[in-house]
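Let us walk through this fold together, one feature at a time. Keep your viewer open and follow along.

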Amino acid sequence: MGPSSSLTTIVATVLLVTLFGSAYASNFFDEFDLTWGDHRGKIFNGGNMLSLSLDQVSGSGFKSKKEYLFGRIDMQLKLVAGNSAGTVTAYYLSSQGATHDEIDFEFLGNETGKPYVLHTNVFAQGKGDREQQFYLWFDPTKNFHTYSIVWRPQHIIFLVDNLPIRVFNNAEKLGVPFPKSQPMRIYSSLWNADDWATRGGLVKTDWSKAPFTAYYRGFNAAACTASSGCDPKFKSSFGDGKLQVATELNAYGRRRLRWVQKYFMIYNYCSDLKRFPRGFPPECKKSRV
């Protein structure tokens, strides 16, 4: 790598830190409540780490104390190692009620040595069925990796280690509902779903490997909250509509998005002819970036 390449990398890194907040991580004691699973969920290391565990009796979960309405949410996860077949680690934003909105990351476990499936979905006014699934280009059980949601009135971007993997654009003009009016909390849970999670339920959870544990750190939110308004980082970074599209998904980001979707996407509802024999949903025509 020559001097100009090094300088480009440094400048890009500085821009990302400036736009999306510093590496400062919020304290889990301050930001989240352990909501179920008794002792299976733990906050430790002075509030800098959190873990969820699953055994044959119960899984566990947590939720944020705050409700968010637009912003960028970052969380670092290290997923269940070894034979994780049948388990699901879910990390998502959601409101409540029959017409709830939701933005999902779900990590579907697999047999030892086989890849996790990263399942994404978007719900608006209680309707989902907008799934895209991916394999990852790394082992998500060896180290922590950052999974991010950028939620704006114009679009939702899913990122992994700051690389965009999916963009869901606002297509309300086509009659497609979009999540933009209901504040959402952050949730995460580790639970048993061996009736469907691994190869459609063919591979069951091996309880001799329990407890299964996932780890969390590095939570950061540059966002607007229902209680206290907008974080200054969010307002200063995303104040202009044209600027935000350019900074969140510039030419390099679009290339990386196409790379991920070409080589690592394993399911896209917008190309499932069996599911939509009479034509794809209207937003699929607007899905290109």
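With a disulfide taken as a pair of cysteine sulfur atoms within 2.5 Å, the count comes to one disulfide. It is formed by cysteine 270 and cysteine 284, whose sulfur atoms are 2.0 Å apart. The link of cysteine 270 and cysteine 284 is left-handed, with -80° about the S-S bond. Both cysteine 270 and cysteine 284 lie in the segment after S16, so the pair ties together parts that are 14 residues apart in sequence. Cysteine 270 and cysteine 284 are each buried, where buried means under 20% relative accessible area, exposed over 50%, and partly exposed in between (1.4 Å probe, protein chains only).

A word on the ground rules: this is a predicted model, in which local features need pLDDT of at least 70 and side-chain atom pairs count only at pLDDT 80 or more, while totals for chains, interfaces and linings use all residues. Residues are numbered from 1 along each chain as its sequence is written, and side-chain values use heavy atoms, with hydrogens and water left out.

Now to the sheet. Strands are DSSP runs (E, at least two residues), numbered from the N terminus, and two of them pair if DSSP finds at least two bridges between them.

Next comes the interior. A nonpolar core is a set of buried Ala, Val, Leu, Ile, Met, Phe, Trp, Tyr and Cys residues joined through side-chain atoms within 4.5 Å. The largest such core has 50 residues, and Ile73, Met75, Phe105, Tyr147, Ile156, Tyr216 and Phe219 have the most contacts inside it. Strand S14 (residues 212-225) gives the most to this core, with six residues. Apart from it lies another core of six residues, including Ile157, Val167, Leu249 and Leu257.

Finally, look at the loops. Between S13 (185-192) and S14 sits proline 211, joined to alanine 210 by a cis peptide bond with omega about 0°. Glutamine 125, in the loop between S8 (117-123) and S9 (132-134), has a positive phi of about 55° although it is not a glycine. Glutamine 125 counts as exposed, at 52% relative accessibility. Aspartate 161, in the loop between S11 (155-160) and S12 (163-169), also has a positive phi, near 50°. Aspartate 161 is partly exposed, with a relative accessible area of 32%.

Notes. Helix = DSSP H or I, 4+ residues; strand = E, 2+ residues; numbered from the N terminus.
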